[in-house]
Amino acid sequence: SLDEIAIIQAYIADFNTAITDFADINEFALADLKEVYENLNSGLVYNGVSMSTEFVTGGAFSLDGLNLNPIGNALLANEFIKAINDQYNARIPLAPVTNYTGVYFP
């Protein structure tokens, strides 16, 4: 029901606030993945490769429709790398996302 969805969303927001607060207090790097998944929901183009959450053809998820495939994981890993680089003034190179595979069609 819509009420249950609202309750779940409120819990998610509270949990995310707790994580953000903990990271801020301890000066930890924090990758906000909500925007990444929202962009995938709308569809995005990364270095000429289109990706979305569309089942099978979206390019970011494996065939179970739940877990990211290698290219999706590389995209996500880059968000962690960016957060680490920003927080700690590091120079970790980003993963070459387009070097990783998605779902192959025969």
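Trainee: Is Glu38 buried, partly exposed or exposed in this predicted model?

Mentor: Burial follows relative accessible area: under 20% is buried, over 50% exposed, and in between partly exposed, using a 1.4 Å probe and protein chains only. Residues are numbered from 1 along each chain as its sequence is written. In this predicted model, local features need pLDDT of at least 70 and side-chain atom pairs pLDDT 80 or more, totals for chains, interfaces and linings use all residues, and side-chain values use heavy atoms, without hydrogens and water. Because its relative accessibility is 40%, Glu38 is partly exposed.

Trainee: With which residue does Glu38 form a salt bridge?

Mentor: A salt bridge requires a side-chain nitrogen of Lys or Arg within 4 Å of a carboxyl oxygen of Asp or Glu. The closest N and O atoms are 3.8 Å apart, and the two residues are four apart in helix 2 (residues 34-42), so about one helical turn separates them. The partner is exposed at 55%; it is Lys34.

Trainee: What is the N to O distance between Glu79 and Lys82?

Mentor: Glu79 and Lys82 are three residues apart in helix 3, therefore about one helical turn separates them. Lys82 is partly exposed, at 36%. Their side chains meet in a salt bridge, with an N to O distance of 3.1 Å.

Trainee: Which backbone nitrogen lies 3.1 Å from a polar atom of the Ser52 side chain?

Mentor: Ser52 is in the loop between strand 2 (49-51) and helix 3 (70-88). Ser52 counts as buried because its relative accessibility is 18%. The backbone nitrogen in question belongs to Glu54.

How values were computed. A polar contact is a pair of N or O atoms within 3.5 Å; within protein, one must be able to donate a hydrogen and the other to accept it, and residues adjacent in sequence count only if both atoms are side-chain atoms.
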